[in-house]
Amino acid sequence: MVTSLSVPRLVVAAPSSGSGKTTVATGLMAALTRRGLSVSPHKVGPDYIDPGYHALATGRAGRNLDAYLCGPELIGPLFLHGARGCDIAVVEGVMGLYDGAAGEGELASTAQVAKLLRAPVVLVVDASSQSRSVAALVHGFVTWDPEVRIGGVILNKVASDRHEALLREALESVGVPVLGVLRRVEQVDTPSRHLGLVPVAERRAAAVDAVEAMATQVSAGCDLEALVALARGAGTLPCAAWDAAEVLLSADGGSFRVRPRVAVAGGSAFTFSYAEHAELLSAAGAEVVPFDPLRDERLPEGTRGLVVGGGFPEVYAAELSANEPLRGAVAELALGGAPVAAECAGLLYLCRELDGQPMCGVLDASARMTGRLTLGYRDAVAVSDSVLAGAGERMRGHEFHRTVVEPGWGTGAAAPAWGVRVPERRVEGFVQRNVHASYLHTHWAAAPGVARRFVERCRTS
């Protein structure tokens, strides 16, 4: 049954990456939270790192809105699910406003998500090397797609009062209000690494300080009342909120006689996960228990299945290797036939070694860092029956890594996990007994049967 729900909302976008979207979006989330509003944080695209800063700013789980991984039809429902009970929602865009999946038109772009959400856009412009030309830039973005409503501009990296006056004068002709002006503030900068910002889990105290500085800068430089008023004009969405229990209705009406315990890796080494995955596992009947492979020497008592998502195991290879008791427990669980789902970092952790450091040895393969970035969306088809999918089932995923995995001589018992078509036709990953290990990051909300299948295997294995 379709209902119409209204959540005040706005999208923070930019002409290009590096313009200051994360600073403005995170600072705005934190500034509004300071004012006593319950803020729902969202991020366009597959990014796992920015939502960690959003969660720190708001006290709520940062959630992704990815029209490629989940399909355009789920953007509204997933948004409403994340925004339940909130006063306002702030959505941080990805790349430039109109940039999306390569060769797919507007698919997965910030502009597409803004249109699907019927949300006004606030354009963050890096004004550091321009004055009057800012009017031409903003005019182009305003007129490119009439269905995208740009409700205001925030000027970032403004050098002086004189510079600000020139920019404001130029923008008067465009008819788009200036909702904020931000100057350079060194302490707002957040450190980056080979895959983007350093995750919150690795620098929590410094991240708290950075988010506080962002909030202070946005509060001082932006018209918060005008931004809230803009968000309140977004209107209704003609769809119902996504609900994990509803999409996984069981034959017995949702009561489970056996709730297998599924251990989910977390901590500083494994920070990449979508909140909906744990919700789907729970709705499918699992008891979800987090653990930290850097600190815990044992898996949670009674573990029947294991999920190891993405992150930065290469940064923590020595510490992960030093936790020999846990590595042994993971190997024993996997070799004993328990279901294991591993994505990217999880794949590396299951290998025999990573950059020369012993890992779990579940797979006869070695992994190492390289200088080459593998990045992009993938159309995939399951090559083999596994704990996640039946052979022939299709899913969409995303790759983002600078490592390579080289199979050993003993991987003959393993079958490929996925066949992918982009950027070239190839097979990828490993299926070995009840282990599914792959570089591909997937969003289970697009295929909730994945969670049901995994939990059923946990019950019967």
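Predicted model: local features only at pLDDT ≥ 70, side-chain atom pairs only at ≥ 80, totals over all residues.
Student: Where does D355 lie?
Tutor: D355 is in the loop that runs between β16 (353-354) and β17 (357-358).

Student: What about its backbone, is the phi of D355 positive or negative?
Tutor: Positive, at about 50°, even though D355 is not a glycine. For context, most residues other than glycine have a negative phi.

Student: Okay, on to R433. What is the phi there?
Tutor: R433 also isn't a glycine, and its phi is positive, near 55°. You'll find R433 in the loop between β22 (430-432) and β23 (435-438).

Student: And is R433 buried or exposed?
Tutor: R433 counts as exposed because its relative accessible area is 58%, and the cut-off for exposed is over 50%.

Student: Switching topic: how much space lies in the second largest pocket?
Tutor: About 860 Å³. The pocket is lined by 41 residues, and those closest to its centre are F270, T271, F272, S273 and Y274.

Student: Which helices and strands each supply at least two residues of that lining?
Tutor: The helices are α2 (50-58) and α10 (275-283). The strands are β12 (261-265), β13 (287-291), β14 (303-308), β15 (340-343) and β24 (441-442).

Student: Last one: how many residues of each class are in the lining of the second largest pocket?
Tutor: That lining has 26 nonpolar residues, 13 polar ones and two charged ones.

How values were computed. Residues numbered from 1 in each chain as written. Heavy atoms only, no water. Helix = DSSP H or I, 4+ residues; strand = E, 2+ residues; numbered from the N terminus. Buried < 20%, exposed > 50% of the residue type's maximum accessible area, 1.4 Å probe, protein only. 1 Å grid on protein atoms, 1.4 Å probe; cavity = no way out; pocket = protein on both sides within 12 Å on 5 of 7 lines; lining within 4 Å. Points joined across faces, edges and corners; volume = space filled by probe spheres on them. Nonpolar A, V, L, I, M, F, W, Y, C, P; charged D, E, K, R; others polar.
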